[in-house]
Amino acid sequence: MNNALFDALESRTPEVREAALLAALPRQIAHAKQSSAAFAALLADVDPASITSRAALATLPVIRKSELQERQQAARAAGGNVFGGFSAIGYGAAMPRVFASPGPIYEPEGTAKDYWRMARAIYAAGFRPGELIHNSFSYHFVPAGSMMETGAHAMGCSVFPGGTGQTEQQVQAMRELQPAGYIGTPSFLKIIVEKAEELGVALPTVKKAMFGGEAYPPSLRDWFTAHGIAGYQCYATADLGLIAYETEAREGLVLDEGVIVEIVRPGTGDPVAEGEVGELVVTTLNPDYPLIRFGTGDLSAVLPGQCPTGRTNTRIKGWMGRADQTTKIRGMFVHPKQVNEIVKRFPELSRARLVVSGEMANDVMTLKVEAGAPAEGLAERIGDAIRDVTKLRGQVELLAPGALPNDGKVIEDVRSYK
């Protein structure tokens, strides 16, 4: 096995990996129905044994974060399960920690080694067993601190739980403990490094970093490189754990081995063509918190080819914006799913984008649609559908296939608020 890889799973052929994931899928769905009250209801009419392909998976409903939050709140208000029935484990030895993300949404942490599956990403960022890692993710409310700590422990690393704030103390700890690197947000490490420079303190051992929680643009990457720090990013959520991670190739993010990822058209559960931007929908194989087709609300796209490091899993471009593009137009909310409902009424249409222009209190709504061979009167019929679905009047612009940008936008707000 290549020493640059975390384990043999990363170098499996795509065919072997896909077969393993699809073999695990019906078992996970059956487990979710049996152990999770929420999925018992959501998938009541689903035969788990029949979900053995991505096409079959795509027929299941997408559960978005907003729905998870609503179900949790409703259950708590009724004196029921704080997790809304999604957790397969309960308080006690099986659930050593409970976390809260904004909302609040409560997340369970189970006892499995590397529960959040972060070790793989930490290894790809250059950390190795026997090293000390300075972990500056938050250790209260949200699971970020624990996510990274349990992953580091699974790798055989020691962790300094730095948390956030207290910049001078962070510098002192780095100077005296001499960690091999840092895990946290890139902005906070930049603050620490700048404070160290201000204090005249050298941090010679901090040579690598793994970042998450915020954007990591090339300009910031170059800044760290100039300061002798090789920083890599990961993509994880409090609900799912690790989804994808960066490698030394710096060509997109490689998907984790423990998730099934789809990219769907925003507002729907329909997979897009490979390379097209859409919403990331993730099915986790975690038995304790078995989320099936969980909509992250984040946009991304599949990158063609394989990682030059030898990792054979699918790569994505990374975070490309938010999928929830709900916009208020003339006092009415218009949702991406409504735009898709309009498009589905006309088989000759491929993609669409609702552009909202004008000035405050003078909104202009234009639906731009790609149509291969538009029939006479198509624009008028689409206009009628717009009014039927949104209860608003809108203009229609017919475009040639491929004319719309590949950026995942279904609703674009270009209004002027000056």
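## Domains of the chain

Into which domains is the protein chain divided? In this predicted model, the chain is split into domain 1, which runs over residues 8-322, and domain 2, which runs over residues 327-413. The C-alpha centres of domain 1 and domain 2 are 34 Å apart, and the contact between these two parts draws nine residues from domain 1 and nine residues from domain 2.

A UniProt record, which is an unreviewed entry, places the annotation "domain: AMP-dependent synthetase/ligase" on residues 137-283. In the model, this span of residues 137-283 is 31% helix and 27% strand, and the C-alpha atoms at its ends lie 25 Å apart.

The residues of domain 1 that touch domain 2 divide into three nonpolar, three polar and three charged.

## Salt bridges

Side chains of opposite charge can pair when their charged atoms come close. Over the whole structure, a search finds 30 salt bridges. Among them is the pair of Asp7 and Arg120, whose closest N and O atoms are 2.9 Å apart. Because Asp7 lies in the segment before α1 (14-35) while Arg120 lies in helix α5 (residues 119-124), this pair ties together parts that are 113 residues apart in sequence.

Another salt bridge joins Lys344 and Asp270, and here the closest N and O atoms are 2.8 Å apart.

## Backbone features to look for

Most residues other than glycine have a negative phi, and most peptide bonds are trans. With that background, two places in the backbone can be looked up in the structure. The peptide bond from Gly103 to Pro104 is cis, with omega near -10 degrees, and Pro104 itself is found in the loop between β2 (97-101) and β3 (105-109).

The other place is Asp114, which has a positive phi of about 55 degrees although it is not a glycine. Asp114 sits in the loop between β3 and α5, and α5 (residues 119-124) is the helix that holds Arg120, the partner of Asp7 described above.

Notes:
Residues numbered from 1 in each chain as written. Predicted model: local features only at pLDDT ≥ 70, side-chain atom pairs only at ≥ 80, totals over all residues. Heavy atoms only, no water. UniProt positions renumbered as here; feature names shortened; annotations may be inferred. Helix = DSSP H or I, 4+ residues; strand = E, 2+ residues; numbered from the N terminus. Domains from an automatic or database assignment. Contact = heavy atoms within 4.5 Å. Salt bridge = Lys/Arg side-chain N within 4 Å of Asp/Glu carboxyl O. Nonpolar A, V, L, I, M, F, W, Y, C, P; charged D, E, K, R; others polar.
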